[in-house]
Amino acid sequence: HWGVPLTLARMPADTRCGVFEIGMNHPGEITPLSRMVRPDVAIVTTVAPVHLGQFSSVEEIAEAKAEIFDGFGGEGTAVLNRDNAHFDLLARRARERGAAVLTFGQREDADCRLVSADADAAGTTAQIICLGNDYRFRLNVPGAHLVMNALAVLLAVQATGCDVTHAADALEAFSVPEGRGVVERVTVVDGEVIVIDESYNANPASMSAALSVLGLPRAGVVRRVAVLGDMLELGERGPALHAALSEDIERAGIDCVFACGPLMAKLYDALPEPRRGGYAQDSNDLTPMVLNAVNAGDAVMVKGSLGSRMGPLLAALKSHLIKNQAV
């Protein structure tokens, strides 16, 4: 409600290009914002079970995201995830508003298709075919979801008439902002601790992606530790969605889980005993458990919805590690 109007109001009159994030957690919120922006290109990265507290189904979330096409005014380009289960709905809504549709994903019929991805703990080297042309680029941050987002970016570059080759090369300089996956290595007595800052927010899709990144092979890592706070605004499906994270934890090979909040209690109960590191009602009470448990050789990822206050826990952990740095 505030971000888009403020960004527009602060944008210099001679600005040639603007990039806007338009978000929502209720139906009807995107339409007025999109009509303010009047986009030439609109990207929908994915549709997932987020903000289910205000929606009765994921399809309703797709409909709400489709409101971003309301600002097109009879023309424009929609960039859509061809792999997503709600692609047909989004494409139909975009075309109803006079937009062209470009697609990205792993499917053979995607306009920008991921051919291969060589991932490691430092990032991913991807080979793609984008509108018939072969490209290779490197993202120096880990995460398959970020590679998919990069494909969407390249289609947006194409749609605005800019140089896709130059854009693919420029992706190597991409870095994640604070709270969105920043990796920090802290030298301590007897070795090193890797801290992954995912503390800004969380939903089932981003949590799954973050856990997979934590599970990537890393030199010198003995133990992978997840410190997790509640994912909020999920409605009546919240408890089941938290418990289901046990499958992601198993798949990623996470060794130890610390959890806080009434919803994360469902996950903690679903975990086998060897993976349980500690549980508390809130992040303040969980903090000393985490500080006492983290040792050299650990890779620690901290994540939760903003309201679960995982940021202060992360700050306390980093401060604790710095105080115990090797001289």
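Where is arginine 309 found? In this predicted model, arginine 309 sits in the loop between S12 and H12. Its phi is near 60 degrees, a positive value in a residue other than glycine. Because its relative accessibility is 49%, arginine 309 counts as partly exposed.

Six strands form an open sheet with mixed pairing, and their order is S7-S8-S12-S9-S10-S11. The edges are taken by strand S7 (182-188) and strand S11 (276-280); each has a single partner strand, so one side of each is left without a neighbour in the sheet. On average, and with direction ignored, neighbouring strands of this sheet are turned by 15 degrees against each other. Helix H12 (residues 310-323) packs on the sheet, where it touches S7, S8, strand S9 (223-229), strand S10 (256-260) and strand S12 (298-303). The direction of H12 makes about 155 degrees with that of S12.

S7 and strand S8 (residues 191-198) run antiparallel and are joined by seven bridges. Within this pair, glutamate 184 stands opposite valine 195 in S8. The loop between S7 and S8 holds aspartate 190, which has a positive phi of about 80 degrees although it is not a glycine. Aspartate 190 has a relative accessible area of 76% and is therefore exposed.

Turning to helix packing, the axes of helix H7 (residues 204-214) and helix H9 (residues 245-252) come within 9 Å and cross at roughly 20 degrees. That angle makes H7 roughly parallel to H9, and H7 passes H9 in a right-handed crossing. On the H7 side the contact is made by Met207, Ser208, Leu211 and Ser212, and on the H9 side by Leu245, Asp248, Ile249 and Ala252. Sorted by class, the contact of H7 with H9 has five nonpolar, two polar and one charged residues.

Leaving aside residues up to four places away in sequence, threonine 103 touches Leu80, Arg82, Phe87, Asp109, Ala110, Asp111, Cys112 and Leu155.

Key:
Residues numbered from 1 in each chain as written. Predicted model: local features only at pLDDT ≥ 70, side-chain atom pairs only at ≥ 80, totals over all residues. Heavy atoms only, no water. Axes fitted to C-alpha atoms, helices over the stretch in contact; angles between N-to-C directions. Helix = DSSP H or I, 4+ residues; strand = E, 2+ residues; numbered from the N terminus. Parallel < 35°, antiparallel > 145°, perpendicular 65-115°, else oblique. Left-handed = near helix turned anticlockwise from the far one by under 90°. Contact = heavy atoms within 4.5 Å. Nonpolar A, V, L, I, M, F, W, Y, C, P; charged D, E, K, R; others polar. Pairing = 2+ DSSP bridges. Buried < 20%, exposed > 50% of the residue type's maximum accessible area, 1.4 Å probe, protein only.
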